[in-house]
Amino acid sequence: MTGLRKRSHRKCVREVSTLIRPLRPDVAIPDFSASAILPPVPAPDPTRRPKLLFLVTEDWYFCSHRLPVARAARAAGFEVVVATRVRAHGERIREEGFTVRSIPWRRRGDRVVGAGRAISEIARLYRAEQPDIIHHVALKPVLLGGIAWRLAFGDSADAPVVVDAIMGLGSGCSHKSLAARLRRPSLGLGLRLATPKDHRWVVVQNPEDYAALAKTRIDPNRIVMIRGSGVDPLHFVPLPDPGVPTVTVALVSRMLRQKGVLDAIAAIRLLRARGFPVELLLAGPVDPDNRGSLTAELLTSLSAEPGIEWLGPVDDVREVWGRAAIAVLPSTYGEGVPKADSPGCREVVRPGETGTLVPPHDVNQLAAALAALAGDPARRASMGRAGRALVERDFAEEIIARQTLAVYQAALQERAGQR
C-alpha cells in the first residue's frame, strides 16, 4: 500500500542533541506571577518517584497519540498522571496503571467562561499533584495549561518544568494566507506568556511548525523536533496488495472538511465517471466539537453512492489497510505528523519514493495521481516498501519514546540545577 497526500505550502540541549534536534533570539518574558496571592508551593519530596502529568483534551487522543510515550515513562520510573476529558477511554488509561484526573472541557467551543473555569480547575490540579514535569499536548492544553501553571506556581523555584507539544499548528496558522499571518503574532504572544522560558521546552513535529514558532520569538534553543507520535511496526505488519480488479483507496481520519474528505470523494467520482475501477473507503468518526466536521447524515447519504463507503469509527485500522491498495489524505489542516500535502504530510511522503504530493484542493490532479497509482501495482508495491523503511527508521514508537524521554531527562536535570 502506498500513500498520497496533498501539499500546502545549554548543556542539557547538547546532551540530548543526538536524539532530538534543537532547532535559534532571547526575548524577555513579562512576569505575570500570581505568587503574591498564592500560598507557598510545597517543596518536593526527594524520596518519591518523579511525577509526569499529561494534560490532553480528550481521553481517546491520549490513547491514540501519547500512550507509547507514557508507557516508556512508566518503565523509566515515572509516576504518570493523565488529566483529560474522560469519555470512553478512562478505564483503559487506568488499566495501564496511570492515574486519571477528569477535566470538564472540550477541544473547542468552551468560550471565555468555560476556558476560565478550566484554567482554574487545572491550576488547582497542578498544585494538588505537584508534578515534576507537565506535558501539555496540543495547542489548547499548551495555552490554557500554561496560564494555569502561572496561577498555580507563580515564581516558585520548585515549579515543575513544562514540555509543550505542538501537534501541528492547524490550518488557521500554517497557511500562507493573510488571515494566517495575522494569527501567528497573537499565537506567539500567547505561547510566550503562558509559561516562563526557563521552565519550558517546546516539541514540534515538522520543520514548518518550527519555522513558524521561531518567527514568534520563542527561543529556538528550547525547541526540539520529534517526528510524530510513533507507529508500532510489529503491530502494523506489511500487507499484500489486495489484488482485486477494483482498486480501493482509503482515507483514515476524522471526517473533517480540512482533512480533504470532500476532495477525495470528488476525485473518486471523477475517476469512476471516466470508467476507472476505483472505490473510496472512509474510516473515522465525525467530530461535533470541530466546526469543519461533516455530519453523520451527510456521510451516510454519500455512502449510498456507488464506490463510496463510510465505515465510521474503526477499532482496528489494520482491517481498513487490509482492504486498501492506496492511502490518501488530501489534508490542508497543518498536520503534526499524521498517524494515517500539508505541513507534516511532507515528513512521511517523499515524492516518487514513498508516495505522491498534489496541490491543495486540486481535484483534477488528485484524480490523476490516484489513476496513475491504481494502474501500476508494481509502483504501489515499491512505494509501500520504501514507506515502511522510512517509518521503521524515523517514526517507530521506540524511537519517538526514546527521544521524548531524553527531553524529560534534560528537563529534570535543568530543574535540579535551578534549585
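The structure, a predicted model, holds 5 aromatic pairs. A pair of aromatic rings is described by the distance of the centres and the angle of the planes.

**First stop: a ring pair in helix α6**

Select W149 and F153. Their ring centres lie 6.0 Å apart with the planes at 55°, so this pair is tilted; planes would have to be under 30 degrees apart to count as stacked, or over 60 to count as edge-to-face. Both residues belong to helix α6, which runs over residues 139-153. A separation of 4 residues places W149 and F153 about one turn of the helix apart. Are W149 and F153 buried or exposed? Both W149 and F153 are buried.

**Second stop: other aromatic sites**

Select F54, F62 and F98 together. Ring pairs join these residues into a cluster. Next, display W201 with R222. The side chain to inspect is that of R222, which lies over the face of W201 at 5.1 Å from the ring centre.

Viewed as a crossing, the passage of α5 over α6 is right-handed.

Which residues of α5 meet α6? To see this contact, colour A115, A118, I119, I122, A123, Y126 and R127 in α5. On the α6 side, colour L144, G145, I147, A148, W149, L151, A152 and F153. The tilted ring pair of the first stop, W149 and F153, is thus found again among the α6 residues that meet α5.

Select helix α3, residues 67-75. Buried residues in α3 are L67, P68, V69, A70, A72 and A73.

Select residues 261-273 for helix α10 and residues 363-374 for helix α14. These helices pack at an angle of about 65°, and their axes are 9 Å apart. The crossing of α10 past α14 is right-handed. In α10, the contact involves D263, A264, A266, A267, I268, L270 and L271; in α14, the partners are V363, N364, L366, A367, L370 and A371.

While α10 is displayed, select R269, which lies in this helix. R269 counts as partly exposed because its relative accessibility is 39%. Leaving out residues up to four places away in sequence, R269 touches L302, E305 and I308. Of these, E305 is 36 residues from R269 along the chain, with 9.3 Å between their C-alpha atoms.

Select S253 in the loop between β10 (247-252) and α10. S253 has a relative accessible area of 13% and is therefore buried, the limit being under 20%. Beyond residues up to four places away in sequence, S253 touches K259, A283, G284, P285 and L329.

Finally, select V278 in strand β11, residues 278-283. With a relative accessibility of 2%, V278 counts as buried. What surrounds V278, leaving aside its neighbours within four places in sequence? The contacts of V278 are T246, V247, I268, L271, R272 and A374. The C-alpha atoms of V278 and V247 are separated by 4.7 Å, although these residues are 31 residues apart along the chain. Among the contacts of V278, I268 and L271 also belong to the α10 side of the contact with α14.

How values were computed:
Residues are numbered from 1 along each chain as its sequence is written. This is a predicted model: local features need pLDDT of at least 70, side-chain atom pairs count only at pLDDT 80 or more; totals for chains, interfaces and linings use all residues. Side-chain values use heavy atoms; hydrogens and water are left out. Rings of Phe, Tyr and Trp (its six-membered ring) pair if their centres lie within 6.5 Å; planes under 30 degrees apart count as stacked, over 60 as edge-to-face and the rest as tilted. Helices (H or I, at least four residues) and strands (E, at least two) are DSSP runs, numbered from the N terminus. Buried means under 20% relative accessible area, exposed over 50%, partly exposed in between (1.4 Å probe, protein chains only). A charge sits over a ring if NZ of Lys or CZ of Arg is within 6 Å of the ring centre and within 35 degrees of the ring normal. A crossing is left-handed if the near helix is turned anticlockwise from the far one by less than a right angle, and right-handed if clockwise. Contact means heavy atoms within 4.5 Å. Axes are lines fitted to C-alpha atoms, for helices over the stretch in contact, and angles run from 0 to 180 degrees between N-to-C directions.
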